[in-house]
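Let us walk through this structure step by step. Keep the sequence and the 3D view side by side as you read.

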Amino acid sequence: MKILIFPDAEAAARETARRIVAQLVAKPDAVLGLATGGTMEPVYAALAAAVARGDCDGRRFTSFNLDEYVGLAGDHPQSYRHYMNRHLFDAIGLPAAQARLPRGDAPDPAEEARRYEAEIAAEGGIDLQLLGIGNNGHIGFNEPTSSLASRTRIKTLTRGTVEANRRFFGPDEQVPSLAITIGIGTILESREALLLATGGAKAEAVAAMVEGPLSAACPASALQMHPRATVICDEEAAARLQLRDYYETVHPGGTEPAITAPKGLERTRT
Ligand code: F6R
């Protein structure tokens, strides 16, 4: 797992967007896994700006969002479909057929989850999976005790997650407590995973994910098993990491220095 620590949330979001742009430059028709939530808003703003500048093609990729609330139609202002249209898809003009999310208002949500999983497989799997993290260590809506081998399915949100999501809903609106979410097994099959965490509220979850035991109690810890996982965080989210000095030595300022031989030992003696 690569741990990259940036001075603030803005710099961390900028780096996340830069990596998505790099993926789209390398493979314009990539399959992206996308997340919603407050953390991702500056990432999508930066990505939309990069597409507008012509840094990458924003119309050829296919995306699969991690999750959607059960019961909400795509035109509901709090649905994740609506969030994605507002923060990214409308701005870059991604054709609707390439912008996939589970249908929250599907008549049979369990069947919709199975169909969504099959759709991801039919596209050849996910090249780059973008992730946020919940205060309780969830990824997607895989709440603590989710199977680390889980597939796309319906999950009941914890009371803490429902409360954290309340800020996006009106005072008279009931916050949904069921979601269709991509599974942890599905996330682990992505060819690359990129998790962004910002703010002090995430510090404990970040420490558990990176340095805690591999455990369903912290679903994000499953990323310890991912062969290409990068965690990008700001200083506040990194605050509880025990080995922070080490991460900052390996990746000073969040950079990836070239690998060189130690000074004075550049040539092998025979
Ligand atoms: C949303 C998702 C969630 C969020 C997480 C953090 O699609 O998958 O795992 O990434 O709940 O949300 P914020 O960024 O609002 O703190």
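This is a predicted model: local features need pLDDT of at least 70, side-chain atom pairs count only at pLDDT 80 or more; totals for chains, interfaces and linings use all residues.

Begin with the cysteines. A search of the whole structure finds zero disulfides. Remember what such a link is: a covalent bond between the sulfur atoms of two cysteines.

Take Cys233. Which cysteine sulfur is closest to the sulfur of Cys233? That sulfur is in Cys218, and it is 14 Å away. A disulfide needs two cysteine sulfur atoms within 2.5 Å. The gap at Cys233 is therefore too far for a bond. Cys233 is also buried, with a relative accessible area of 0%. Cys56 counts as buried too, because its relative accessibility is 9% and the limit for buried is under 20%.

Now turn to the rings. A pair of aromatic rings is described by the distance of the centres and the angle of the planes. The structure holds seven aromatic pairs. One of them joins Tyr44 and Tyr83. Where do the two partners sit in the fold? Tyr44 belongs to helix H2, residues 41-53, while Tyr83 belongs to helix H3, residues 80-92. The pair therefore ties together parts that lie 39 residues apart in sequence. Is this pair buried or exposed? Both Tyr44 and Tyr83 are buried.

Rings can also join into a group. Tyr69, Tyr80, Phe141 and Phe169 form a cluster, linked by ring pairs.

Next, find the ligand. There are 14 residues around it, and Thr39, Asp67, His138, Gly140 and Lys202 come nearest. Look at Gly140 in detail. A backbone N or O atom of Gly140 lies 2.7 Å from an oxygen atom of the ligand. Gly38 also uses a backbone N or O atom, at 2.9 Å from a ligand oxygen. Arg167 uses its side chain: an N or O atom there is 3.0 Å from an oxygen atom of the ligand. How much of the ligand does the protein cover? On its own, the ligand has 410 Å² of accessible area, and the protein covers 92% of that.

Finish at a loop. Thr145 lies between strand S6 (128-131) and strand S7 (153-156). Its phi is near 85°, a positive value in a residue other than glycine. Thr145 is exposed, because its relative accessible area is 65% and the limit for exposed is over 50%.

Methods: Residues are numbered from 1 along each chain as its sequence is written. Side-chain values use heavy atoms; hydrogens and water are left out. Rings of Phe, Tyr and Trp (its six-membered ring) pair if their centres lie within 6.5 Å; planes under 30 degrees apart count as stacked, over 60 as edge-to-face and the rest as tilted. Helices (H or I, at least four residues) and strands (E, at least two) are DSSP runs, numbered from the N terminus. Buried means under 20% relative accessible area, exposed over 50%, partly exposed in between (1.4 Å probe, protein chains only). A residue is near a molecule or strand if one of its heavy atoms lies within 4 Å of it. A polar contact is a pair of N or O atoms within 3.5 Å; within protein, one must be able to donate a hydrogen and the other to accept it, and residues adjacent in sequence count only if both atoms are side-chain atoms. Accessible areas come from the Shrake-Rupley method with a 1.4 Å probe; for residues, only the protein chains shown count as cover.
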